[in-house]
Amino acid sequence: MSYAPRTFAGIEVTPLRDAVGPMGQSIRRPLPELFTGASPDDWAGTPAEWVLHFRCYLLRDAFGRVVLVDTGIGGTDSPASSWAPVPGGLAGELAAAGVAPGDVGTVVLTHLHSDHASGAVTEGVPAFPNARHVIQRAEVDWIEGAGPNPILERVLRPLTGLIDAVDGAAVVVPGVRVAHTPGHTPGHQVVQVGSLTLTGDVVLHPVQLANPAVRYAYDEDAERAAASRQDLLRRVRAEGGLLGTGHFPEPFTDLT
């Protein structure tokens, strides 16, 4: 297991390292092209190459409930294989934490980009067959309305009957809730556990902490994403909370 767990509001949170590596050549760009609007001071001390940490989170409470937040990049045949360092190591990370796929009762997908959702399906069947998969209805509608696409055919369709589409804020299990944070995708959501917020891709790179107005090239709606990011960071700072990020070098970021 790559990281030690931490406990928030009685729930054990374990970051899981699915993969580490740069974007593949098909979508890689220099950082100032990927993240626009940053000043030279914002980039001070930042490595020139963006090496992403592809991270999921395992949540366990005292009653044995198991929640998995995001499912990573998946196998060598996944929709992420054109640009991410497949195969992902999520299954091994879960095994190291003592969790079998059948133990997972809930999967929360922050959004349906291939590096966050592809591991939900393995060889055409659900990887977590006993889990309800919590996704914002706006996200499902967006993918279904986009016409034939890899996520629709290779992730959503195999999960038929396991999807719990929610509208906005919702309690996943006691002590764990989701909140709609659109922009990166129409139905992007974050996960809140006590003082911890698991951000998905609301915040992608540390440069956006210093300047949340910095836009990301692959946001579906960059203006809305910036507004969601500003609101989230303002709330977390006001509450003295922490972030659990999807792609930063370290999983937990203290904003105080």
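Visitor: Where is Glu123 found?
Guide: Glu123 is in the loop between strand 7 (121-122) and strand 8 (125-126). Strands here are DSSP runs of E, at least two residues, and helices are runs of H or I, at least four residues, both numbered from the N terminus. This is a predicted model, where local features need pLDDT of at least 70, side-chain atom pairs count only at pLDDT 80 or more, and totals for chains, interfaces and linings use all residues. Residues are numbered from 1 along each chain as its sequence is written, and side-chain values use heavy atoms, with hydrogens and water left out.

Visitor: Is Glu123 buried or exposed?
Guide: Glu123 is exposed, with a relative accessible area of 76%. Exposed means over 50% relative accessible area, buried means under 20%, and partly exposed is in between (1.4 Å probe, protein chains only).

Visitor: What is phi of Glu123 near?
Guide: Phi of Glu123 is near 50°, a positive value in a residue other than glycine. Most residues other than glycine have a negative phi.

Visitor: What about Ala9, where is that found?
Guide: Ala9 is in the loop between strand 1 (6-8) and strand 2 (11-22). Phi of Ala9 is also positive, near 50°. Ala9 counts as exposed, at 63% relative accessibility.

Visitor: Which peptide bond is cis?
Guide: The bond from Val86 to Pro87 is cis, with omega near 0°. Pro87 is in the loop between strand 5 and helix 2. Most peptide bonds are trans.

Visitor: New topic. How many helices and strands does the protein have?
Guide: The protein has 7 helices and 17 strands. Its radius of gyration is 17 Å, close to the 18 Å that the globule rule gives for 256 residues, so the protein is as compact as a globular protein of that length. The radius is taken over C-alpha atoms, and the rule is 2.2 Å times the number of residues to the power 0.38.

Visitor: How much of the protein is buried?
Guide: Buried residues make up 53% of the 256 residues.

Visitor: Which residues have the most contacts inside the largest nonpolar core?
Guide: They are Leu68, Leu94, Val104, Leu112 and Phe128, in a core of 27 residues. A nonpolar core is a set of buried Ala, Val, Leu, Ile, Met, Phe, Trp, Tyr and Cys residues joined through side-chain atoms within 4.5 Å. Strand 4 (51-60), strand 5 (66-69), helix 2 (90-96), helix 4 (137-144) and helix 5 (150-156) each supply at least two residues of this core. Helix 5 gives the most, with 4 residues.

Visitor: And what does the second core include?
Guide: That separate core has 20 residues, including Val67, Val134, Val172 and Val173.

Visitor: Back to Leu112. What is Leu112 in contact with?
Guide: Leaving aside neighbours within four places in sequence, Leu112 is in contact with Ala117, Ile135, Glu139, Ile143, Ile151 and Leu156. Contact means heavy atoms within 4.5 Å.

Visitor: Where does Gln208 lie?
Guide: Gln208 lies in helix 6 (residues 207-210). Gln208 counts as buried, at 0% relative accessibility.

Visitor: What does the side chain of Gln208 reach?
Guide: The side chain of Gln208 reaches the backbone oxygen of Val214 at 3.1 Å. Not counting residues up to four places away in sequence, Gln208 touches several others, among them Phe35, Tyr216 and Arg229.

Methods:
A polar contact is a pair of N or O atoms within 3.5 Å; within protein, one must be able to donate a hydrogen and the other to accept it, and residues adjacent in sequence count only if both atoms are side-chain atoms.
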